[in-house]
Amino acid sequence: MRILLCNSPPSLTPISPTPLQKPLPFLPGAAVWTKKTLITALTGALSLTILVSSPSHSLSRDSPSFQSPRPPQVSNPLPDRCAEEEEEKQQDKVELKPEFVTNEEIVQEAWQIVNDSFLDTGRHRWSPQSWEQKKEDISGTSIQTRSKAHELIKRMLASLGDRYTRFLSPAEFSKMARYDITGIGINIREVSDDNGGVKLKVQGLILDGPAHTAGVRQGDEVLAVNGEDVMGKSAFEVSSLLQGPNETFVTIKVRHGNCGPTESLEIQRQLVARTPVFYRLEQVSNGPSSVGYMRLKEFNALARKDLVIAMKRLQDMGASYFILDLRDNLGGLVQAGIEIAKLFLNKGETIIYTVGRDPQYQNNVVADTAPLVTLPVVVLVNNRTASASEIVASALHDNCRAVLVGERTFGKGLIQSVFELRDGSGVVVTVGKYVTPNHLDINGNGIEPDYRNFPAWSDVAQHLSRCNSLRQG
């Protein structure tokens with residue numbers, strides 16, 4: 001499993017699982033790496049991905065029970081040709097359940113992830129040669145307990161000199177379920193088919209979550225949500241269709257496998273995230289009659305949806321300016337930050353550039369729709385405004401949509417992926433970095449505000465007008 005984040009590191013409290021009983025020989029690196037799937041970028045934007053490629057108890061351990069859905073409706077059975085293909089695929093799979101993974105394999109798996117994905121931002125001590133030496137140092141080591149394997153992984157990661165690349169215990173990794181963006185425990189990815197089209201595939205599944213309990217399986221194609229055909233929609237759009245109030249039901253139609261039967265499943269939503277948005281209408285003197293104030297505490301699965309509600313209500317109430325308060329917002333979901341920036345930008349304007357070793361991280365992420373609102377914006381920032389908050393602040397600032405007020409931001413412009421190891425633990429690895437539309441490297445630099453103290457409203461209007469004139473001239 002891999003989750004793409006841009007948030008501050010949580011405090012870690014490692015636990016030591018019971019040592020495994022049956023040690024197995026080391027797997028070749030290629031065999032280990034085939035158990036992972038690569039995170040990908042959606043068209044025009046990075047996506048959060050929760051990708052499960054091997055069974056794990058980590059995400060099912062704390063999952064609540066759900067009401068049994070109605071009996072599913074199954075269409076035509078699998079044709080013989082497809083059945084033969086599916087049978088061959090099943091025979092080719094190497095199932096390594098957590099209880100049969102050795103301590104040595106877990107360490108090698110973590111080493112391989114770093115070897116393939118880690119981005120050295122120029123301030124670390126990593127090199128291919130030194131990392132290869134790490135592998136040689138541990139290859140002949142007998143690791144007696146799982147806790148010692150985890151300690152060895154921690155030391156390996158610490159040697160990189162990157163504070164954000166770190167180990168997660170099984171308990172810590174299981175908490176990543178709160179980044180479920182659909183509310184039913186799946187993640188959807190756009191996958192190209194042989195005919196040049198795009199299918200929406202289930203590329204992440206929380207074990208024993210609502211969708212899994214109802215019968216959704218890894219690799220299923222999503223065909224419809226509540227009777228609405230999803231052909232031509234993006235993965236994020238479909239994820240939004242799946243969202244709804246907690247404990248309500250949504251019906252999705254899926255096709256199992258590549259050419260299997262279609263099935264309509266009723267799934268009960270189970271939201272973990274809480275609203276991060278607080279808003280109010282303020283009356284001001286010596287300026288516009290009313291200002292819509294919005295505080296965004298973090299970028300979770302509900303951030304965009306709830307911010308849209310706040311913006312529409314405030315505008316209906318007569319707001320003529322917006323204040324977006326990102327102070328003390330340390331970040332969260334990459335995709336949520338990008339989608340929120342789109343609410344303010346014109347189609348085609350750059351939100352952020354991404355840079356990484358893998359070509360998928362070398363992107364120019366742009367707005368692909370018209371803005372929801374065009375009112376002037378003031379963004380409040382401080383030295384704890386970080387990651388996704390800095391993406392939004394720089395996107396609005398560099399495109400002359402907002403004035404920044406407060407302190408220089410934190411300066412965390414790195415992309416982390418969270419990878420699941422086969423014993424239910426995980427590693428967070430720096431895989432890319434962000435560059436603002438004006439080509440500023442956020443990491444280690446932060447973003448300088450336009451004003452330290454809140455300016456007069458007339459100054460805000462003049463600043464934005466002058467910025468737009470310079471862009472057009």
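Two strands pair if DSSP finds at least two bridges between them; helices (H or I, at least four residues) and strands (E, at least two) are DSSP runs numbered from the N terminus. This is a predicted model, in which local features need pLDDT of at least 70 and side-chain atom pairs count only at pLDDT 80 or more, while totals for chains, interfaces and linings use all residues. Residues are numbered from 1 along each chain as its sequence is written, and side-chain values use heavy atoms, leaving out hydrogens and water.

**View 1. An open sheet of 5 strands.** The strand order is β12-β13-β14-β18-β19, with mixed pairing. At the edges are β12 (277-283) and β19, each pairing on one side only. Strands β14 (residues 321-325) and β18 (residues 377-381) run parallel and are joined by 4 bridges. F322 stands opposite V377 in β18.

**View 2. The disulfide of C400 and C467.** The two sulfur atoms are 1.9 Å apart; a disulfide is a pair of cysteine sulfur atoms within 2.5 Å. C400 lies in the loop between α11 (388-398) and β19 (402-406) and C467 in helix α12 (residues 457-472), so the link ties together parts 67 residues apart in sequence.

**View 3. Buried residues of helix α8.** In α8 (residues 235-242), the buried residues are A235, F236, V238, S239 and L242. They lie on the same side of α8, because they cover an arc of only 160 degrees around the axis, taken from the directions from the helix axis to the C-beta atoms.

Note on methods. Buried means under 20% relative accessible area, exposed over 50%, partly exposed in between (1.4 Å probe, protein chains only).
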